[in-house]
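Open the model in your viewer and keep the selection panel at hand. The tour goes stop by stop.

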Amino acid sequence: MRAIETFEELQVEATSWRRHLHQYPELDYRLTETAKFVAQKLKSFGLDELETGVAETGIVALVRGHLGDGPTIGLRADMDALPILEASNRPWSSMTEGLMHGCGHDGHTAMLLGAAKYLAMTRNFKGSVALIFQPAEEDGRGAQRMVQEGIMDRYDISRVFGLHNEPGVDVGKFAICYGTIFAALDEFDIIVKGRGGHAAEPHRNVDPIVISAQIVLGLQTLVSRGTDPLQSLVISVTSLTANGAYNIIPETVKISGTVRSLKENLRDFAEQNLFRAAAAIARGFGGDIEFKYRRYEPVTENNPDETTLAIGVARKVVGANAVDEKFAPSMGTEDFCYMARARPGAYILIGNGQTASLHSPAYDFNDDAIPYGIAYWVNLVETVLAP
Ligand SMILES: [Zn+2]
Ligand SMILES: [Zn+2]
C-alpha cells in the first residue's frame with residue numbers, strides 16, 4: 001500500500017502538467033498539441049511501448065512490471081476539452097477563447113501521467129499496465145474507435161478501469177456503485193408536417209406549431225404516466241425549429257431531443273412511445289410526422305469483480321468511510337461504456353470538492369485531488385497485479 005504522502009513530489013509536477021494542459025485546450029480528435037505533450041512525457045519516463053495515432057490522436061503506453069509474467073490491465077484517461085468560454089479566472093485559464101477544459105480531462109490526463117511516471121520507476125507488479133489516453137470523450141466516439149482499432153486485443157488487456165472527477169464530492173473521497181453507473185444516450189427528431197399558409201387564415205391550413213406544442217406537452221406524460229416510478233428515464237425536448245414568419249404558418253416544425261435511461265428496455269419503450277404519441281397527436285389534428293430515433297452510447301456497466309477491486313483500493317487509499325460505494329448512478333453518459341463492454345471494467349468517481357459543476361464556464365479541476373488520483377491508480381496496479 002502506497003500512502004498519499006508518497007506522491008507529494010509527483011503532485012507538484014503533475015499539477016504543472018495539469019495547468020499547462022488547461023491553458024491549451026483542444027477539441028474531440030483534434031488533440032495535436034495535447035497528444036504531443038502526453039507522448040513526450042511518456043517517452044521521458046522510459047516506458048516499454050508507446051503507440052500514438054490510435055483513433056487519430058489517442059495514445060497507448062505499456063509498462064511492464066518487474067515481478068514476473070502476468071496479465072495486462074488497462075487504465076484510461078480522456079484528454080479532450082469543450083467549446084465553452086472559460087470564466088474561472090485562474091492564472092492558468094484557457095489561452096484559446098471559446099475552448100476550455102470544462103470537464104476536468106486535463107486533470108485525468110495529468111493524474112494518469114503521474115501514475116505512469118511512478119509505475120515506470122518502481123515496476124513493483126507482475127504483468128503489464130496499458131495506459132490509455134483517449135480523444136473525443138465529449139462527442140462520445142473516442143473510446144469506441146480505440147476499441148474498434150483493436151487496442152484491447154493488441155495489448156491483450158484483460159480488464160479496464162476508468163476514473164472521473166465529481167464536483168460536490170469532497171476531495172479525498174471516492175464514489176462508485178455496482179452495476180449501471182451511467183445512462184444510455186439516444187436522440188430523436190420529430191418532423192411535424194402540417195399545411196402552411198396565410199397566418200390570417202388558420203382555418204385553411206394545418207398549423208404544425210400548435211400541433212408541436214401539444215406534442216411537447218404530451219411527451220411529458222410518457223415518463224410520468226408510462227414508466228415504472230422506480231425506473232429511471234429522461235425524455236427532454238431540447239430544440240424546436242419552425243421557419244414561419246409573422247404572416248406565414250410554416251409547413252413543418254422540427255422537434256429534437258435526448259433520451260437517457262438506465263435500462264436497455266427503456267430505450268425500446270422511449271422509441272416506440274415517442275413515435276406512437278407524436279404520430280397520434282399530429283394525426284388527431286390533421287397533420288402527420290416523420291420520426292427518427294438514434295441510439296448512441298449504451299449504459300456504463302461496472303462489473304462486480306472489478307468494482308470490488310476498485311472499492312478495496314479506494315478504501316486503502318482514503319479509508320473505508322471516505323468511499324461511497326452506493327453512489328446513485330448518473331443520467332449523464334460516459335463513452336468508457338465501450339471499453340467496459342469490450343473487457344470487464346469499473347469506473348470510479350474522485351471528489352473534486354465543492355467546485356462549479358462539470359461543463360460550467362466557472363469550472364476548474366481541483367489540483368488537490370491529484371495525489372488521490374495517482375495513489376488510486378498506483379495502488380490499483382499493485383493490488384490487481386500483485387505477484
Ligand atoms: Zn464532459
Ligand atoms: Zn468528462
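In which strand does Ile249 lie? Select strand E11, residues 248–249: Ile249 is there. Bear in mind that this is a predicted model.

**Stop 1: around Ile249**

Show the surface at Ile249. Its relative accessibility is 9%, so Ile249 counts as buried, the cut-off being under 20%. Now display its contacts, leaving out residues up to four places away in sequence. Ile249 touches Arg195, Gly196, Gly197, His198 and Ala199, and also Pro202, Asn205, Val206, Asp207 and Pro208. Gly194 and Ile249 are 55 residues apart along the chain, and their C-alpha atoms are separated by 9.1 Å.

**Stop 2: the zinc ions**

Select the zinc ion (ligand 2).

Cys103 bridges the two zinc ions, ligand 2 and ligand 1, which lie 3.2 Å apart. Is Cys103 buried or exposed? Cys103 counts as buried, at 7% relative accessibility. His105 is buried too, with a relative accessible area of 0%.

**Stop 3: the open sheet**

Switch to cartoon. Colour 8 strands in the order E1-E2-E4-E3-E5-E16-E6-E15: they form an open sheet with mixed pairing. Look at the edges, where strand E1 (49–54) and strand E15 (323–324) each have a single partner strand, so one side of each lacks a neighbour in the sheet.

Next, select E6 (residues 174–175) and E16 (residues 345–351). These strands pair in the antiparallel sense over 2 bridges. Phe174 stands opposite Ile350 in E16.

**Stop 4: the largest pocket**

How much space lies in the largest pocket? About 440 Å³. Its lining has 23 residues, and Glu137, Glu138, Gly332, Thr333 and His359 lie nearest the centre. E5 gives the largest share of the lining, 3 residues. Strand E8 (184–193), like E5, supplies at least two residues of that lining.

Terms used. Residues numbered from 1 in each chain as written. Chains lettered and ligands numbered in written order. Predicted model: local features only at pLDDT ≥ 70, side-chain atom pairs only at ≥ 80, totals over all residues. Heavy atoms only, no water. Donors = N, O, S within 2.8 Å, 3.2 Å for Na, K, Ca; no water. Buried < 20%, exposed > 50% of the residue type's maximum accessible area, 1.4 Å probe, protein only. Pairing = 2+ DSSP bridges. Helix = DSSP H or I, 4+ residues; strand = E, 2+ residues; numbered from the N terminus. 1 Å grid on protein atoms, 1.4 Å probe; cavity = no way out; pocket = protein on both sides within 12 Å on 5 of 7 lines; lining within 4 Å. Points joined across faces, edges and corners; volume = space filled by probe spheres on them. Contact = heavy atoms within 4.5 Å.
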